[in-house]
Number of protein chains: 2
Amino acid sequence: MKPSIVEVAQLAGVSTATVSYVLNGTKRVRPETARKVMDAVDKLQYQINPLARNFRKGESKLIGFVVCDLSNSFFQDIALGLEQCLNQYGYRPILIDSKEDKQIEMDNVRNLLGSSIDGLVIAPTTEDFTYLKLMLRNHNVPVVYVDRKTSGYESDVVLSENVEGGYQAVKSLIERGHREIAFIGSRRDSTMEERGEGYRKALREAGIPINENYIRYGDNMSVSQRNLLHGTIYNHTRELVKNYPITAIFTGNNLATVGAFNYLMEAGIKVPEHIAFITFDDSFWLSMTTPSLSAVAQHPEEMGRIAGKLVCERILATQRNIENPHQLIRVPTKLVLRRSC
Amino acid sequence: MKPSIVEVAQLAGVSTATVSYVLNGTKRVRPETARKVMDAVDKLQYQINPLARNFRKGESKLIGFVVCDLSNSFFQDIALGLEQCLNQYGYRPILIDSKEDKQIEMDNVRNLLGSSIDGLVIAPTTEDFTYLKLMLRNHNVPVVYVDRKTSGYESDVVLSENVEGGYQAVKSLIERGHREIAFIGSRRDSTMEERGEGYRKALREAGIPINENYIRYGDNMSVSQRNLLHGTIYNHTRELVKNYPITAIFTGNNLATVGAFNYLMEAGIKVPEHIAFITFDDSFWLSMTTPSLSAVAQHPEEMGRIAGKLVCERILATQRNIENPHQLIRVPTKLVLRRSC
DNA sequence: CTGAAAGCGCTTACAG
DNA sequence: CTGAAAGCGCTTACAG
């Protein structure tokens with residue numbers, strides 16, 4: 001049987017309070033007493049029972065991370081950064097995939113709240129988070145959103161500089177002389193809209209009329225990337241290339257790139273000679289294609305770290321009853337030019 | 001203040017025992033009594049305190065997943081399958097990256113054990129797990145290894161059919177007339193050895209002498225995949241191609257592929273005309289290269305699911321004191337031929 | 001600097 | 001079918 005703090009106290013000839021103080025350093029204890037306690041701890045190989053401590057302190061040191069699409073490397077990288085950051089604060093992430101399904105997301109959040117987490121980081125499926133009001137009614141759990149905007153329940157948010165990133169990408173295409181530029185995004189959400197806004201801004205600034213036919217959105221998300229090879233985006237791209245005189249394509253994220261570039265490859269269209277290409281999201285395999293693909297790099301690990309910092313700081317602030325206004329943090333993007341434009 | 005089970009009992013006019021029985025369905029209760037309890041629960045919006053319950057039951061419903069390299073999509077996919085499976089058993093994964101560092105792995109395992117997990121899934125960094133004996137001395141925590149063999153602490157293991165997979169890959173190269181075939185693996189570990197063994201087996205069977213110069217291992221793991229573009233494997237490949245009459249390359253995993261194929265691209269070597277190429281690990285981006293790359297597909301999600309099943313079953317078996325001998329499960333691979341050989 | 005003791009919110013033998 | 005009560009292993013005012 002595992003020894004409890006009582007055994008330690010008996011063996012050391014002190015009270016359980018003293019053992020606790022020594023173990024946690026929560027009160028000054030005479031050196032000799034402390035030594036007696038530590039000896040007993042060693043002798044019994046005592047280890048604190050974390051279940052009891054969590055219960056007593058009313059905390060679990062666990063942060064739920066509910067992700068819209070864990071098969072997407074972008075979100076996996078966010079998870080990586082989050083894990084790293086939480087570690088430093090003494091917290092641990094519980095990872096949950098909601099597969100771009102609002103219902104699964106809600107179930108997961110409810111379930112997670114019912115299993116004692118101290119904080120919640122959400123990469124939202126869709127915008128509406130009114131349901132959190134109800135669910136968090138009886139909980140004191142701070143929330144941080146990452147990657148997409150939300151409504152219905154306000155909290156901290158971490159986003160990329162999507163407008164600016166899209167603007168830079170399209171501007172660089174325009175500078176190369178392109179005027180017939182398509183924007184092909186993944187499923188329509190706040191993030192895609194923002195990148196589209198960057199696209200429009202660059203065109204507007206250059207005095208190029210905006211052709212709404214050149215703007216497309218996919219529907220397929222959280223399907224295996226293998227299935228994106230010939231999905232909606234693939235079809236959009238074919239349709240665009242066949243019916244319009246476009247000379248450049250800007251894709252809204254790594255998922256859209258799979259279908260769009262795959263079409264260009266299969267159709268034998270030379271990039272960048274015939275059609276220039278640039279994408280949002282810099283995945284390492286963009287260096288493995290022919291030609292290598294230019295991209296607006298995001299910093300998902302950094303976003304994860306920031307999200308982690310925000311939850312932890314908010315937990316601390318709540319414990320100490322400190323005012324802590326909600327923050328919206330934008331992480332800058334970076335243009336990475338390769339051979340495709 | 002959150003209501004406790006006592007408030008519910010008072011409002012319903014029953015004992016806390018009865019409330020507990022109703023809520024958990026652990027004993028038959030008269031329908032009217034049950035209704036009274038449920039009414040009180042609704043009225044107070046009572047939610048069970050999971051911290052208290054965990055403490056009382058001595059379980060956390062948490063499984064630690066300590067992964068050697070979480071930046072590798074292979075392990076991310078294992079995590080995906082694990083999460084899925086655990087869900088069904090009512091468990092949750094805590095995700096930890098040990099970055100191919102034995103020390104970090106040990107620290108994480110110790111730390112995790114000190115924070116109340118019910119089971120442990122480990123994707124090992126290196127083989128030696130003698131340390132687990134010590135750490136698990138006072139814990140009743142089942143362990144499952146995934147992807148690599150271990151020694152020093154026996155438990156369930158989930159592995160790919162590495163020998164057979166390597167054998168199939170190299171056999172298919174031999175069938176295409178290749179005799180000067182190189183094997184370029186990632187860091188040398190049990191898994192790489194097994195794939196190398198498959199390579200040798202195919203050559204032996206075909207009566208082709210084995211040239212040890214054709215067998216190379218990298219050292220670089222858990223570096224960003226971007227850094228693999230020009231790493232050790234890249235250099236090995238260049239050296240091989242420049243100094244030996246090889247006509248085909250078999251890479252040991254997705255990481256090795258990055259450096260090896262990148263060299264071939266940069267050197268302008270035609271694949272498969274000049275050098276045929278096949279790799280272990282089927283990543284989706286193998287369809288995005290020119291030419292698309294053939295691969296021995298593993299099933300990481302399935303491996304994760306199996307690992308999850310094994311821990312959960314072992315937890316159940318332990319609770320019921322059922323004998324449960326350790327298992328070694330091999331997941332079959334599948335040859336996926338594309339344009340590179 | 002230290003101890004005696006309450007109490008966190010459950011679950012579960014045990015008795016009726 | 002139900003209740004009274006012990007007890008899980010800690011932490012922390014409180015008193016000395």
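Start with B:Ser116, in the loop between α6 (102-113) and β3 (119-123) of chain B. Keep in mind that this is a predicted model. B:Ser116 is not a glycine, yet its phi is positive, about 60°. Most residues other than glycine have a negative phi. Buried or exposed, then, is B:Ser116? Buried, because B:Ser116 has 25 C-beta neighbours inside 10 Å.

Stay in chain B. B:Asp281 sits in the loop between β9 (276-280) and β10 (294-297). Its phi is positive too, near 90°, and B:Asp281 is not a glycine either. B:Asp281 has 24 C-beta neighbours inside 10 Å, so it counts as buried.

Over to chain A, and to peptide bonds. Most are trans. The bond joining A:Val271 and A:Pro272 is cis, with omega about 0°. Look for A:Pro272 in the loop between α12 (254-266) and β9 (276-280) of chain A. The bond from A:Thr290 to A:Pro291 is also cis, and omega there is near -5°. A:Pro291 belongs to the loop between β9 and β10 (294-297) of chain A.

Now the DNA. How many residues surround DNA strand C? The count is 28, and the closest are A:Ala17, A:Arg28, A:Thr33, B:Ile5 and B:Ala17. The largest share, six residues, comes from α2(B).

Definitions and conventions: Residues are numbered from 1 along each chain as its sequence is written. Chains are lettered from A and ligands numbered from 1 in the order in which they are written. This is a predicted model: local features need pLDDT of at least 70, side-chain atom pairs count only at pLDDT 80 or more; totals for chains, interfaces and linings use all residues. A residue is near a molecule or strand if its C-beta atom, placed from the backbone, lies within 6 Å of it. Helices (H or I, at least four residues) and strands (E, at least two) are DSSP runs, numbered from the N terminus. A residue is buried if 20 or more other C-beta atoms lie within 10 Å of its own, exposed if 12 or fewer, and partly exposed in between; C-beta atoms are placed from the backbone.
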